[in-house]
Every structure is written in C-alpha cells, then in structure tokens.
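This report covers a sheet and a chain contact. The structure comes first.

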Amino acid sequence: MKRELPLGITAVVGFLFLVQYFFKIAILKSMTDELTDWGTIVSAFAALLAAAGLYKIHLEKIARRKGPWEMSIVLVLVMTAFIIFGVFLGQKSAPYLFLSNQVLVPLSAAIFSLLIFYIGSAAFRAFRLRNLEAGLLLGSGFLVMLGRAPIGEVVWKKFPVIADWLMKWPNLAGNRGVLIGASIGSIAIGLRILVGIDRGHLGQD
Amino acid sequence: MTAGRIFTFWFLIFTFAAVYYFMERAKKGNLPGVRPIAGLAALDEAVGRATELGRPVFFVPGRAEINSADAAQTLAALEILSHVAEKTAAYDTGLITAVAAPNTYPVAQEVVRESYLKVGKPDAYDPDMVQFYSSEQFAFGSACLGVMMREKVAAAVMVGFFQAESLLLAEGANQAGAISISGCTRLYQIPFFVVACDYTLIGEELFAGGAYLTKNPIKLGSMQGQDLAKLVSVLFVALGAILETFGNHSLTQLFKK
C-alpha cells in the first residue's frame, strides 16, 4: 500500500493534467488549478524540510568543529537572517532587500563571472587535435569564433558568412535531432511513470 | 479540443501506443538490442575508481523541481542515482548527492535509502549522503565547487537539468581530478558538458539510463517505441522539407491544427 498509493495518485493526477491540456473542460480546469495550489503547498513543506536538513548538517559541523566550520557559522547566520527578515518584515523590507541586493546578487554575479575563466580552460582542453571529431570541433569552433568576433570580419569578410552558415545549418540540424530525441524520451518516461511501470525515482527497478 | 493542440494530441497518442506495443512485446521476450552508451557504461568505472582511491562519488541530479516542465530529466537522473547508490553501497564507497530543488530532496533521499536497502546494507545509509545546498543557481554552483574541492571527489556524475552552472560543475570536477560524467537535454548546456567532461549523455541518452542500467525488459521495450516515434518524426521533417520546397504548406498547416 505504501508503494501503490503514491503510484495511483501519480497516475490519476498525471492523466488529469494531460486531459486538461488538450480538452477545454471547465471542471477539469478547476480541479487542476486546485491541484497546482496543492503542489505549491507541498513544495513549501519540501523547502522547510530542505532548510531543516541544511541547518542540521551545518550545526553538526559547527558542534564538531568539522571541516571549514567557520563558514558554516556564516551560512547559518545569513540563512537565519534571511528567514527572519523575509517572514517577519516581508520581502520588500529594507533589511531583506539589503541582504538580497547587496550580498546575494553581487556574490551570484561574481560566481557567474568565473565562467569566462572556465570557458577558457575547458576550450583549451577540448580544442586539442586528438582525433577527427576533436578536429571538427576545433575547426568549426575556430571559424565560428572568428565569424563572431569583429576582428574576423577585418581579416576576411567571409568569416561571418561561414559562421552564420555553420550555426544555421549543421548546428541547427544537430540541435533539432537532439531536441526531437529528448522530447520523445520525455514522453516515454512520462508514460512509464504514469502507468506505474517506471519506479526508478522511487529507488526500484 | 484546444485549438493548436490537435496534431500534438494525436502524435502523443501514437507515441503512447508505440511505446505500449513494444513494452508488451518485450514482456514476451522480444528484446531490442541497445547500442553501447559510453557515458552510462562509464558509471561503474567511475564508482570503481572512487573505491580504489578511497574518495567519494559526487552526484548532482540537476536543478529542476520534480513538478516542473523539466521534471523528466530529474526523474531520469534519479534512476541513474539509484544505480550509482547501489554500487557505492556494494563497495562501501562514499556518496555525496547535491540537491538544488527542495522537492527533489526527499525523493533523492528515498532513492538512495532504497538502494542501500536493496543491496542489503541499510546500516551503511546515512541521510547526509543527500544534501540540499540552495535553490539559487550560483549559490548551488559555488557550494558544489567547494564540496568537490574539499572532499576531493574521485567521480562526479552530473545528470539532469542544468543552466549556466553546468560549466562551473564540470570544470570543478576536472580541477578536483575527478572522472566526470554529465548528461543533459538542454541545447545550451550540452556543448559545455561535451568540452569539459570525460563522458556526456546527449539528449535522449539521459532517458535511456534506466533501461540501459537495469536491463528491465519493459523499459528496453519502451525505448524501441521511442525509436519508432522518432522515425516517424524524421519522416515528417523530411516530408515537410520537400513539400515546403515546392510551395505546398499542407503539412505545416496540419502541424498548426
């Protein structure tokens, strides 16, 4: 029963949403709207559970002085401040906005900016001419970079044309192939889960 | 029926029918052959390497919520997590599962717990094997980077839905000296993974994980159904290209219905 009930609920709710997507049935619309609200509530509880898990791990680290436990103190303090400001003062309050705009956003931007260095190091490894495939990647990457960078057009005005051709034809064709395969794969996994055949997400074969 | 979704509906019915038919065939023993998928085959090698080095395996099942439009990728990733957790349980290897979506967190915990139970090592299961870091994209990315470096993970498996943090994770794994296996269906992230990881599951290969690893006949059968639907899609694409070339828009109009 512990297994069958969740599978049954998944099947019924899944098919309800599927039918509602294709058919205009007023009662189904109200049912799926209601279920979406339930989903939001369940997600909120999941967020509480996740936050509790985070507290548990980091409080244990602080208590045992394990690893970089000083960082755990910072995390616990900031997380607690966010919760207190968000819940009691609101998400539009000055302290909450300060933490969000002056701390979180700049830190996120800093981490995002690391990508430029990682692109460089990844490209350095990927563009080594080891075999035919790596050669094709190197050649097409080189042409697209030259076509996209202003200097490419100065060197030879055909570089942007070649880059556009590579992006519009071979690249787009490959992308669409991946997209079609992935979409049909999603449908198949969706069907298997809806009819209860696929239980891998429950840890079963 | 909602306008603009009629063709989609019938194509979905066809795909369901094809998948169902081949699943039934597979039940009777007509199993399809599956081509080797390097990324999935390398999972055991990755766990083996981690075992030899005495270092943990790092697993990220993407960042998508389990009730989002990208949930299929998360569910496929959880199937792969189940296999990886069974192996780490069998070899007594450490496992760190990093979760970004709150509602994936309890499901991932259940998957890992079940896997340890299945192998007969429930006592080896530690709830902290699955950790929620943050649902903020770059907070999650930096947390993963930190853990990979500090724990010196020997293998990093990053499969599911990713955005710009994909390269952070892939390069972090590389800097930690880990064997890296990635998988994604997002067209923007696949190139990052391809250039930065040792193995990459491209697009539908991610969804083949459950069937490939478990050898479950029904799942293998469903892959054959997927292939038939894919073949029909390719025929539609080819036919559409020919008809449009000659100025005939009937197929395009049909798709819009």
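## Strand partners

The model is predicted: local features need pLDDT of at least 70, side-chain atom pairs count only at pLDDT 80 or more, and totals for chains, interfaces and linings use all residues. Residues are numbered from 1 along each chain as its sequence is written, chains are lettered from A and ligands numbered from 1 in written order, and side-chain values use heavy atoms, without hydrogens and water.

B:Val157 has B:Ile181 in β5(B) as its bridge partner. Strands β4 (residues 155–159) and β5 (residues 179–184) of chain B run parallel and are joined by five bridges. Strands pair if DSSP finds at least two bridges between them. Strands (E, at least two residues) and helices (H or I, at least four) are DSSP runs, numbered from the N terminus.

## The sheet of chain B

Six strands of chain B form an open sheet with parallel pairing, in the order β3-β2-β1-β4-β5-β6. β3 (130–132) and β6 (199–202) of chain B are at the edges with a single partner strand each, so one side of each has no neighbour in the sheet.

## The contact between chains

Chain A gives 55 residues to the contact and chain B gives 64; contact means heavy atoms within 4.5 Å. Two salt bridges are counted between chain A and chain B. A salt bridge puts a side-chain nitrogen of Lys or Arg within 4 Å of a carboxyl oxygen of Asp or Glu. A:Arg125 and B:Glu171 form a salt bridge through their side chains (2.7 Å, N to O).

On the side of chain A that touches chain B, α7(A) gives the largest share, 15 residues.
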